[in-house]
Amino acid sequence: MLFTKTLKAAFLTTTPVLMGYAAIGFAFGVLIGAGGYSGFWAGIMSLCIYGGALQYLAVDWFIHGAAIAQVVTVSIIINIRHILYGLTLFDKLRGMGPLKPYMMFSLTDETYALLSSTQAPVGVNEKLYYFFIGALNHSYWIIFSMIGAFLGSAITFDVTGMEFAMTALFIAIAVEQWQTFPTKKPALIGFGCTLIATIFFAPEQILIVSMVLILISLFSCRSMIEEEMGMGSNLTAATAADVFMDEGMLDAIQEERTVEK
């Protein structure tokens, strides 16, 4: 009974992520399916990698090829923010026991947003509730990416612009962050650094340059940002800037495709 009640509570909490993953997970699946890979491989990627933005990039790597050094470097830069996510949830996830490794693995942007802003309802198992949030979000991503891949490989249609689904999601997140975040500095830093990288660097360099500039700027302004945010905030400066990093990355992908054409 407690198990079922906890699962139901977690499902209700993750419903917004379900809606979002239905769109961007499906879009990812369609792209990789159109690239010649089956739903099986889409499922394996989503199960083992579970990195939405990185998986979108991987589609291009699989189709057009990429150097190992580039794959490793970009993967680290894109996901390094998760270290900060884990640090801010250290106390909340204390005592997870054997579930802790999976909680570390499943800490995507959306899961972090839920875990950092929600408390377990009365009458449920707290640690199991947090675990179900991560596991349900993960399952949504796997299911919809596989559905998209099966359709993408079975049905021939134009997938131009499909990758914009991820950008659209982060635009929506950026607007919400702008309206609710205590300080606008991280958002302005993210936008400014991405704009500078876009103007002064080649399309294939935008991703790395913009992220490096954002990280340097955020750490340089950290004390000022934290002072404006207040010590009680659950969000970090990296969280707010993340939407701009991912948007800049996807813009770089689109520009690279334009250059290739």
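**Before the views: terms and model.** On a 1 Å grid over the protein atoms alone, a pocket is an open set of points with protein on both sides within 12 Å along at least five of seven lines, and its lining residues have an atom within 4 Å of a point. Helices here are DSSP runs (H or I, at least four residues; strands are E, at least two), numbered from the N terminus. This is a predicted model, in which local features need pLDDT of at least 70 and side-chain atom pairs count only at pLDDT 80 or more, while totals for chains, interfaces and linings use all residues. Residues are numbered from 1 along each chain as its sequence is written, and side-chain values use heavy atoms, with hydrogens and water left out.

View 1. The protein chain holds 13 helices and zero strands. Of its 261 residues, 45% are buried, meaning under 20% relative accessible area with a 1.4 Å probe and protein chains only (exposed is over 50%, partly exposed in between). Take the contacts, that is, heavy atoms within 4.5 Å: among those with a separation of 6 or more, 79% join residues 24 or more positions apart. The chain exposes about 13000 Å², and carbon and sulfur atoms supply 70% of that area, as computed by the Shrake-Rupley method with a 1.4 Å probe.

View 2. Rolling a probe the size of a water molecule over the atoms shows where empty space is left. The second largest pocket has about 560 Å³ of space, a volume being the space filled by probe spheres set on grid points joined across faces, edges and corners. Its lining counts 28 residues, and closest to the pocket centre are His82, Met104, Phe105, Leu107 and Thr108. Which helix gives the largest share of this lining? That is H5, with four residues. Elements giving two or more residues to the lining include H1, helix H5 (81-88) and helix H9 (164-180).

View 3. Among the buried ones you will find Gly52, Leu54, Tyr56, Asp60 and Trp61. The end C-alpha atoms of H3 are 19 Å apart, which agrees with the 18 Å that its 13 residues should span at 1.5 Å a residue; the expected span is 1.5 Å times one less than the number of residues. In the loop between helix H2 (39-48) and H3 sits Tyr50, which has a positive phi of about 50 degrees although it is not a glycine. Tyr50 counts as buried, at 5% relative accessibility. Just after H3, Gly65 also takes a positive phi, of about 85 degrees.

View 4. Leaving out residues up to four places away in sequence, Ser75 touches Leu54 and Trp61.

View 5. Phe11 belongs to helix H1 (residues 2-34) and is partly exposed, with a relative accessible area of 37%. Beyond residues up to four places away in sequence, Phe11 touches Leu18, Leu136 and Tyr140. The C-alpha atoms of Phe11 and Tyr129 are separated by 9.4 Å, though these residues lie 118 residues apart along the chain. Helix H8 (residues 126-154) has 29 residues that should span 42 Å at 1.5 Å a residue, and its end C-alpha atoms, 43 Å apart, agree with this. At the start of H8, a side-chain oxygen of Asn125 reaches to within 3.3 Å of the backbone nitrogen of Lys127.

How values were computed: A polar contact is a pair of N or O atoms within 3.5 Å; within protein, one must be able to donate a hydrogen and the other to accept it, and residues adjacent in sequence count only if both atoms are side-chain atoms. On a 1 Å grid over the protein atoms alone, a cavity is a set of points where a 1.4 Å probe fits but cannot get out, and a pocket is an open set with protein on both sides within 12 Å along at least five of seven lines; lining residues have an atom within 4 Å of a point.
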